[in-house]
Amino acid sequence: MPLPAENLLSKEASPYLRQHKDNPVHWRPWSKEALAEAQETGRPILLSIGYAACHWCHVMAHESFEDESVAALMNRLFVNIKVDREERPDIDQIYMAALAATGEQGGWPLTMFLTPEGKPFWGGTYFPKEPRYGRAGFMQILDAIHRAWQEKKSEITADAARLTAHVESQLAQSRDPSPLSGEQVAALADPYLAAIDPERGGLKGAPKFPNAPIMTTLWTQWLESGDTRYRDAVLLSLRAMLNGGIYDHIGGGLCRYSTDADWMVPHFEKMLYDNAQLLTLCSWTYGATGEKLFQERIEGTTSWLLRKMRSDDGAFTSSLDADSDGEEGKFYTWTREEIDAALGRDATRFFEIYSLSSPPGWEGHPILYRSAVRTADKDDGPDLTAQLEELRSAREKRIRPGRDDKVLVDWNGLAIRAIAQCARQFDRPDWLEAAEIAYRTVTESMHGNRLPHSILGEQKLYPGLSSDYAAMMNAAVSLYEATGKAAYLDDASRMLAALDCWHADPAGTGYHLSATDSGDVIMRVRGDVDDAMPSATAQIIEAIARLASATGDAGLAAKAFDSTASAVGRAIHQRYGQSGIVNAIPLAMTPRKLVMVEPGSGLRFVPEANRTPDPRRVDIAIQSASTVGKIVLPGGAEIDPSRQAAYLCVGTTCLPPIDDPAILRDALKPAPASPAS
């Protein structure tokens, strides 16, 4: 039955899709029915992929998709499909990889032209309605694609088949497992270290992204080698971005990237996944340095997440838009006069610490940044805190950026895990409670032991992706570390069973991003490649390895090792995006497990573990003389539950029982660098 000749987005759960429900374009959501319409009519597909907080997505919508003449041409020549990349990253990965394979630079909005069977043959990103910026006009492109389809259909179809086969060879590949070694982290970390901007941190050049997976590679190599160059590259990068304009000094939270090389001019959208990973990185760096800057950014970012980014039922929403009141960054920028009016005579003190900048090319109001760079371990004092609160109150009177209210399961897993870790580090039971509430909200959405990928009120998008199970398994293990509640490990085991059932490769070499019953994708990709966060494969390996450590299940540990070897075998053939998989190697090869037997009242060892988080380590606390039953360490040694002590194991080697918290503190420090470093 043909679909109606109208826009069909009004009933979609995605806020991004609903942003386009009033376009005169006859948009269809991605579905089997839309693909069938293309095949029945023989018309090519115009696929547009974006997300709610995307500035250039909005620009293209205003210029072209809201224009009657453009829409009439689109409706006459194409089957038009709109996709929210956050709802369907499996679809986005396929067509973004296809664009990259044609030699074009990726980004959003992603504009791809497909055969009626869904195979890509040409595309780009943002196209202006009229020719400018060195780009052809969108209407010219539509006409040219239509003529080419009419005149060279067989050639285009053959090219699309070859391009699709190439993408499948890259994203759905099978390779022989690779031997694992500690040198593999160093082999990836060394080029990244050479690429770090020595003055500003981050990768050299512009734009500058937080690049959490790459920062994790550098941090992991410091932990593995003791070579402080890797640690210092991360510290330099975080200090620069957290003092720069990319961080929201008034309200908390990090913007997605800076358009310049100085971390000054943000692209003002704020994403949940960036800020979850920022909390994790700051937790590690605070544990290593004790710097007040990292504590402040943990407190400010967590406060913002709990204040502005929670849904009514306590889960975390996806993003805040870059635009407000029709202008990018208008909510966040200031004039000197506005700050003077808000602070009065106190503004003089404020401007001893903060400054306003209008860099070349920036057309909005000035951007606030911290000019007195914070690295010292000292307080700014209550006066400055009060001034920031005054400015936040003044800013709340402005028109706020739009919020994408959908709850993405994998992004929530990242946030829950990060907040639970920070709650342990700073003894914040209120943060831990918020993490548990968000976890409960997400897991209560499960149907038949299966997670959705996206939740918006009563609307849930099934089936979930492999990244959803991995992120929530990691969240469950982190909540177990923080609370000692064994039910979280039971949850993680059930989620692993669902992952194995619906996503495992039949050959036993890993997992697919899409479930076996996802019948609307032209291929099931592996999920091996990082983007702004670790790949699904990397998160799966980490989740299995951490669950193995927490439970002492040797079979799971072997499963993590084998999955890592298969993933590394594939990753060595990738041109980019291998960080997450390589970062997982130490967890699979030499997982660290810390078991602390504590007295019935008061804690001796747990505070030391909480102060020094380590991404390679799982922490377990039990009460002395508890009834938890026999606990066996890696290698077979059995713990005496009547003895108050800490047991630290690396791989299958365990140190003698540690009776003194000060000795545990030293044992948790990174190994010193070798003389050759």
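Mentor: About 640 Å³ of space lies in the largest cavity. A cavity is a set of points, on a 1 Å grid over the protein atoms alone, where a 1.4 Å probe fits but cannot get out; points are joined across faces, edges and corners, and the volume is the space filled by probe spheres set on them. Please keep in mind that this is a predicted model, where local features need pLDDT of at least 70 and side-chain atom pairs count only at pLDDT 80 or more, while totals for chains, interfaces and linings use all residues. Residues are numbered from 1 along each chain as its sequence is written, and side-chain values use heavy atoms, leaving out hydrogens and water.

Helices (H or I, at least four residues) and strands (E, at least two) are DSSP runs, numbered from the N terminus. Helix α16 provides the largest share of the lining, 7 residues.

The search of the whole structure finds 5 cavities of 30 Å³ or more. In the second largest cavity there is about 110 Å³ of space. It is lined by 13 residues, and Gly-245, Tyr-247, Asp-248, Tyr-332 and Leu-368 are the closest to its centre. This lining is made of 9 nonpolar, 2 polar and 2 charged residues.

Now for an open space. The second largest pocket holds about 800 Å³; a pocket is an open set of grid points with protein on both sides within 12 Å along at least five of seven lines. Its lining has 36 residues, with Tyr-480, Glu-481, Thr-483, Gly-484 and Ala-621 nearest the centre. Strand β19 gives the most, with 5 residues. In all, the pocket lining holds 19 nonpolar, 8 polar and 9 charged residues.

Let's follow β19 into its sheet. Four strands form an open sheet in the order β19-β18-β20-β21, with mixed pairing; two strands pair if DSSP finds at least two bridges between them. Because β19 and β21 (653–654) stand at the edges with a single partner strand each, one side of each has no neighbour in the sheet. Between β20 (645–650) and β21 the pairing is antiparallel, over 2 bridges, and Cys-649 faces Cys-654 of β21 there.

A nonpolar core is a set of buried Ala, Val, Leu, Ile, Met, Phe, Trp, Tyr and Cys residues joined through side-chain atoms within 4.5 Å, and buried means under 20% relative accessible area with a 1.4 Å probe, protein chains only. This core has 157 residues, and Met-74, Phe-138, Leu-142, Leu-218, Leu-242 and Tyr-439 touch the most other members. With 11 residues, α16 gives the most to this core. A second, separate core has 29 residues, including Trp-30, Val-83, Ile-94 and Val-521.

Val-83 brings us to our last stop, strand β3. All 6 of the 6 residues of β3 (79–84) are buried, so the strand is largely enclosed by the rest of the structure. Val-79, Ile-81 and Val-83 cover one face, while Asn-80, Lys-82 and Asp-84 are buried on the other. Strand β3 pairs in the parallel sense with β1 (27–29) over 3 bridges, where Trp-27 has Asn-80 as its bridge partner. Strand β2 (45–50) also runs parallel to β3, joined by 6 bridges, and Ile-45 stands opposite Val-79.

Notes:
Buried means under 20% relative accessible area, exposed over 50%, partly exposed in between (1.4 Å probe, protein chains only). On a 1 Å grid over the protein atoms alone, a cavity is a set of points where a 1.4 Å probe fits but cannot get out, and a pocket is an open set with protein on both sides within 12 Å along at least five of seven lines; lining residues have an atom within 4 Å of a point. Ala, Val, Leu, Ile, Met, Phe, Trp, Tyr, Cys and Pro count as nonpolar, Asp, Glu, Lys and Arg as charged, and the others, Gly among them, as polar.
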